[in-house]
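Dear colleague,

I am passing on the structure below, and I would be glad if you kept it open beside this message while you read. My notes on what was found follow directly after it.

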Amino acid sequence: MRRRQQPPLPKRFGLDPARLRLPEDGAWATIRDHLVERLPRVDPARIDELLRQGGIVDLDGPIAPDAPYVPGGAVWFHRDLPEETDVPFEITVVHRDDDLLVIDKPHFLATIPRGQHIRQTALVRLRHDLGLPDLIPAHRLDRVTAGLILFVINPARRGAYQTMFHKRSVRKEYEAIAPYNPALVLPRTVRSRIIKEKHVLAAQEVAGEPNAETVVELLEHRDGLGRYRLKPHTGRTHQLRLHMNGLGVPILGDDFYPVITDKPVDDFTRPLQLLAAALEFTDPLSGEPRRFETTRALQAWTDPEGWAGNS
C-alpha cells in the first residue's frame, strides 16, 4: 500500500492543510499564476497575501511570490474557514481506550467538516479538545440527530473498525419521539426503496426493489406521543425519518418530512427527536462483545412543554 505523504504544514483547528498537485502540462510561468486560475473562488489578492506570509508551501518550505511553476509538484496551504455560529452544546465522552473513542453527539453538531460546518463539527472539536490529531470517525451521524458515534484513535486500527460498519455488522438502536396512533400495529418491519438525488435536500421512497429496512417498535405512549425504538438493518440517507413519516407518525422536529421547512443554521430550537441510543458489535480485533449506550434522553418525552417552547 502506498503511504500517504505527510503534509509539511501542521494541522490547524484539527484540520489538515489542503494539498494541490500541480499538473504536468500547463503554460503558467509561476505557481502564483496557476493558483489564481486553479482557485477562482479565492481573491487573487488573498493568494498574494498568503504567498507573502509564507502560508503556501512545498516540501522545501514557503513558496516565493515569484516562484516558477514546477510541473508535477505539489503545494499545501490552509484554506480560509467560513464564519460559523458556535453550537452551544457539549460533546459527552462515553468510552475511551487506546483504540476507540465513543461519544454522545448533541443535536445540531455535524460529524465531519463539510460545507459551512468546519470548526463546529464533532471531529474538529474532538481533535482539538482531546489532543487527538489522528482521530477519525468509523461512521457518521446526521447533524440534526443526537447520539452515539464511534471514532478510531489508533490509525493502525481504522480499517478494522470502519469495515465493520461498511459490512453492517454493527447493531444499531435508535429512539424517536413521534405521534402515537393506536391503529398502527407495532412492532413491524418497514421495507422500501429510498433514493437520494444529488443537490436535492430530501430523499424519497419510490417504487422498486427495497433497499432499506427498519424494525419499528413502540416502547410506551402517553398524551398522544409515542416513544419508539428503531432498528435499521440498512443505512440509507434519512431512512428512519422516511420510514416513520411513511407510517403516518413523522418524528417530532423533522424539518424535511413530510414538508421541508427552511430552518436557519443558527436556530437551535425544537431539535429533531431522534437519538442514536446503542451500538453493539463483536470487536474485530479482540473478538469480545461490546455495547455502548447513550447518556442522553429526548426532551420531547422528558419535558414536552420545554421542547415545544424551546427557544
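Of the 311 residues in the chain, 42% count as buried, where buried means under 20% relative accessible area, exposed over 50%, and partly exposed in between, with a 1.4 Å probe and protein chains only. Please bear in mind that this is a predicted model, in which local features need pLDDT of at least 70 and side-chain atom pairs count only at pLDDT 80 or more, while totals for chains, interfaces and linings use all residues. Residues are numbered from 1 along each chain as its sequence is written, and side-chain values use heavy atoms, with hydrogens and water left out.

The chain has 7 helices and 15 strands; these are DSSP runs numbered from the N terminus, with helices (H or I) of at least four residues and strands (E) of at least two. Along the principal axes, the C-alpha atoms fill a box of roughly 75 × 45 × 40 Å.

One part to look at is an open sheet of 4 strands in the order E1-E4-E2-E3, with antiparallel pairing, two strands being paired if DSSP finds at least two bridges between them. Its edge strands, each pairing on one side only, are E1 (18–21) and E3 (61–62). E1 is joined to E4 (residues 74–77) in the antiparallel sense over 4 bridges, and here arginine 19 stands opposite tryptophan 76 in E4. Helix H1 (residues 31–38) packs on this sheet and touches E1, E2 (56–58) and E4, and its direction makes about 110° with that of E1; contact means heavy atoms within 4.5 Å, and the angle, on a scale from 0 to 180 degrees, is taken between N-to-C directions of lines fitted to C-alpha atoms, for helices over the stretch in contact.

E14 runs parallel to E8 (residues 146–152), with 2 bridges joining them, and alanine 146 has leucine 275 of E14 as its bridge partner. With E9 (residues 171–179), E14 runs antiparallel over 6 bridges, and there arginine 171 is partnered by glutamate 280. E14 also runs antiparallel to E15 (residues 289–293), with 5 bridges, among them one that pairs leucine 279 with phenylalanine 292. In the hairpin of E14 and E15, which has 6 residues between the strands, glycine 287 takes a positive phi near 80°.
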